[in-house]
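This report walks through one protein chain for a reader who is new to structures. Please keep the sequence and the model in view while reading.

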Amino acid sequence: MSAEEGQALSRELGAAAYLECSSYEDSADKLGEITIEIWEKTKTKMLPTPAKFHYLFNLRDVSKVCQGILMTRPVSIQSPETFSKLWAHEICRVFKDRLINEEDNEWFIEQVMDNLSRNFKSSIEKDDIFGETKVMFTD
């Protein structure tokens, strides 16, 4: 994907999220950009092998993350911190759930935590999302 295509897609995804979560404008604007960043890193690092033949990541995965966020009722998102936890939940649901070993899982968790701290300016700790009382959003 070219840089221009990535920026266009990021704008579209961010605009869709903004319409749903307009009270968290800063977080919603970054949604497309950071989701695409995770997708690009994951598809570059986690290449298919005979043991990991299902490590195929495409743009449909990016849309699944955004779709999961947009399916959440706005009343469920009470703060920017909740929005960032929702994003982490969706990105893990789509990408991390496919990873089969601890090394790959740890790498992915590092990427998510790095994005949370850089883009959401979040003070969420790793254990808040990936610990025993991990975040879950359900219908």
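## Burial and overall fold

A residue is called buried when its relative accessible area is under 20%, exposed when that area is over 50%, and partly exposed when the value lies in between. By this rule, 44% of the 139 residues of the protein chain count as buried. The model is a predicted one, and every value in this report is to be read with that in mind.

The secondary structure of the chain consists of six helices and zero strands, so that the pattern read along the sequence is α-α-α-α-α-α.

In soluble globular proteins, nonpolar side chains tend to be buried together. In this model, the largest nonpolar core has 31 residues, and those with the most contacts inside it are Trp87, Ile91, Phe95, Phe108, Val112 and Leu116. Two or more residues of this core are given by each of helix H2 (25-45), helix H3 (59-70), helix H4 (80-94) and helix H5 (102-119). The largest share, seven residues, comes from H4.

Side chains of opposite charge can pair when their charged atoms come close. The structure holds eight salt bridges, and a few of them are described here and under the next heading.

Because Arg93 and Glu90 are three residues apart in helix H4, about one helical turn separates them. What can be said about how far each partner is covered? Arg93 counts as partly exposed because its relative accessibility is 38%, whereas Glu90, with a relative accessible area of 6%, is buried.

A second pair is that of Asp114 and Arg118, whose closest N and O atoms are 3.1 Å apart in a salt bridge. These two residues lie four residues apart in helix H5, and therefore about one helical turn separates Asp114 from Arg118. Asp114 has a relative accessibility of 31% and so counts as partly exposed, and Arg118, at 35%, counts as partly exposed as well. Salt bridges that share partners join Asp114 and Arg118 with Glu37 and Lys41 into one network.

## A negative surface patch

Which residues form the negative surface patch? The patch is made by Glu125, Asp127, Asp128 and Glu132. One of these residues, Asp127, has its place in helix H6, which covers residues 126-130. Asp127 is exposed because its relative accessible area is 57%, and this value is over the 50% cut-off that the word requires.

Ser84 lies in helix H4 and counts as buried because its relative accessibility is 1%. The C-alpha atom of Ser84 is separated by 8.8 Å from that of Ile124, although the two residues are 40 residues apart along the chain.

Is Lys121, by contrast, buried or exposed? Lys121 is found in the loop between H5 and H6, and this residue is exposed, because its relative accessible area is 63%. Between the C-alpha atoms of Lys121 and Pro80 the separation is 9.7 Å, while along the chain these two are 41 residues apart.

Terms used
Residues numbered from 1 in each chain as written. Predicted model: local features only at pLDDT ≥ 70, side-chain atom pairs only at ≥ 80, totals over all residues. Heavy atoms only, no water. Core = buried A, V, L, I, M, F, W, Y, C linked by side-chain atoms within 4.5 Å. Buried < 20%, exposed > 50% of the residue type's maximum accessible area, 1.4 Å probe, protein only. Patch = residues over 30% accessible without salt bridge, like charges linked within 9 Å, V, L, I, M, F, W, Y side chains within 5 Å. Areas by Shrake-Rupley, 256 points an atom, 1.4 Å probe, with all protein chains shown as cover. Salt bridge = Lys/Arg side-chain N within 4 Å of Asp/Glu carboxyl O. Lys, Arg positive; Asp, Glu negative; His and termini not counted. Charge placed at Lys NZ, Arg CZ, Asp CG, Glu CD.
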